[in-house]
Amino acid sequence: MRSATTPVVSGQRASSWPAALDLIQSLSGLALGLFMWFHMGFVSSILISEDLFWIVARMFEGYFVFGKPYYWIVSIFVAVIAMLLGLHALLALRKFPADWAQYRSMGKHTSRLRHGDTWLWLIQVATGFALFFLAPVHLYTMMSHPELIGPYESADRVWTGNFWPLYLILLFAVELHGTIGLYRLALKWGWLPSAATEAGRRRLMQAKWLLTAFFLILGLASLAAYIKLGIEHAPNAGEPYTPAWIQEGAQ
Ligand code: HEM
């Protein structure tokens, strides 16, 4: 973070790098935010049926195109998301307060301004910091064991594999971080849902909280479904899920 007291040398041409880095950070954040919406859609298919989640998982492995699963497709996809996350986190580090003096001045500004958006920025910094540690655990598991994605396989990981506490914290961190990020992007680039700035900001904030609530409820309901299935399947943990129609076809 550049200190407010950093002198700007007059006559020197301003570098375009900070703007370029800011744009890359915005674009990588937008891509990750949109990915998380799709991700929640796929993961929550378990709420409709176990078969549907099985179909979604196999679809990503190319099963319905090639007639058999190619797990490396999933691993490559996860690696791309991990790189995007790494890039986004690296660029975000520029904005973190760097020393005690900066933390102190940030604290003073926050309590003096009492502005909602300043608090949102602080929540984004804190949740971003948490994601920095938590998301790689999940991504590495998905990348190294793509064959273990399915109704029983996922539910066993969540319950018998004790992943549910990680997912619970990850869910709150990612939903707060993502929706605050998208809200800030919309403000930054002027995508307000009304020509009147004040009303536009208000509506944007309402949309932001609605989205946060929607994805948190969907995520909690899905996590509860994996936990329930995981508890039921615990005696047979490790056994993969096969839809009844495939079992019947094989007989
Ligand atoms: C930024 C990256 C990611 C984050 C923050 C993230 C976050 C999460 C969270 C919070 C859950 C629990 C969902 C719930 O509460 O119902 C979850 C589950 C899951 N995620 Fe991700 N995810 C990410 C990337 C991915 C990728 C790239 C894949 C692709 C394979 C993936 C596949 C899954 C699956 C299959 C589950 C179900 C549980 C399991 O099988 O362990 N995630 N993820």
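**Helical architecture, ligand shell and charged pairs**

Asn 162 is found in the loop that lies between helix 7 and helix 8. In this predicted model, the phi angle of Asn 162 is near 60°, a positive value in a residue other than glycine. Most residues other than glycine have a negative phi. Asn 162 counts as exposed because its relative accessible area is 55%, above the 50% cut-off.

The protein contains 10 helices and 0 strands, so that the order of elements from the N terminus reads α-α-α-α-α-α-α-α-α-α. Along the principal axes, the C-alpha atoms fill a box of roughly 80 × 40 × 35 Å. Of the 251 residues, 36% count as buried. Among contacts between residues at least 6 apart in sequence, 75% join residues at least 24 apart.

Helix 1 spans residues 17–43 and has 27 residues. The distance from its first C-alpha to its last is 38 Å, close to the 39 Å expected at 1.5 Å a residue. The buried residues of helix 1 are Asp 22, Gln 25, Ser 26, Ser 28, Gly 29, Leu 32, Gly 33, Phe 35, Met 36 and Met 40. An α-helix has 3.6 residues a turn, so residues three or four places apart point the same way. The partners against which the buried residues of helix 1 pack are helix 4 (71–92), helix 8 (164–188) and helix 9 (197–233).

Helix 7 is mostly covered, with 7 of its 8 residues buried. These are Pro 151, Glu 153, Ser 154, Ala 155, Asp 156, Arg 157 and Val 158. The cover over the buried residues of helix 7 includes helix 2 (50–60), helix 6, helix 8 and helix 9. Within helix 7 (residues 151–158) lies Glu 153, which is buried yet has no salt bridge. The nearest side chain of opposite charge to Glu 153 is that of Arg 58, 5.0 Å away, whereas the salt-bridge criterion requires a separation within 4 Å. Apart from neighbours within four places in sequence, Glu 153 is in contact with Leu 148, Pro 240 and Tyr 241.

The ligand is surrounded by 20 residues, of which the closest are His 39, His 138, Ser 154, Arg 157 and Tyr 167. Ser 154 places a polar side-chain atom 2.6 Å from an oxygen atom of the ligand. A polar side-chain atom of His 39 is 2.8 Å from a ligand nitrogen atom. For Leu 223 the group involved is a backbone N or O atom, located 3.3 Å from an oxygen atom of the ligand. Two or more residues of the shell around the ligand are supplied by each of helix 1, helix 4, helix 6 (116–144), helix 7, helix 8 and helix 9.

Side chains of opposite charge can pair when their charged atoms come close. The count of salt bridges comes to 6. Asp 22 forms one with Arg 94, the closest N and O atoms being 3.4 Å apart. This pair links distant parts of the chain, with Asp 22 in helix 1 and Arg 94 in the loop between helix 4 and helix 5, 72 residues apart. Asp 22 is one of the buried residues of helix 1, whereas Arg 94 is partly exposed, with a relative accessible area of 26%. Asp 22 and Arg 94 also belong to a network of salt bridges that includes Lys 95 and Lys 188.

Arg 58 is joined to Glu 61 in a salt bridge with an N to O distance of 2.7 Å. Both Arg 58 and Glu 61 are buried. In helix 9, Lys 228 and Glu 232 are 4 residues apart and therefore separated by about one helical turn. The side chains of Lys 228 and Glu 232 meet in a salt bridge at 3.0 Å, N to O. Lys 228 counts as exposed at 53% relative accessibility, while Glu 232, at 49%, counts as partly exposed.

Lys 108 lies in helix 5 (residues 100–113) and is partly exposed, because its relative accessibility is 47%. Between the C-alpha atoms of Lys 108 and Ser 194 the separation is 33 Å, the two residues being 86 apart along the chain.

Key: Residues numbered from 1 in each chain as written. Predicted model: local features only at pLDDT ≥ 70, side-chain atom pairs only at ≥ 80, totals over all residues. Heavy atoms only, no water. Buried < 20%, exposed > 50% of the residue type's maximum accessible area, 1.4 Å probe, protein only. Lys, Arg positive; Asp, Glu negative; His and termini not counted. Contact = heavy atoms within 4.5 Å. Expected span 1.5 Å × (residues − 1). Near = heavy atom within 4 Å. Polar contact = N/O pair within 3.5 Å; in protein donor to acceptor, adjacent residues only side chain to side chain.
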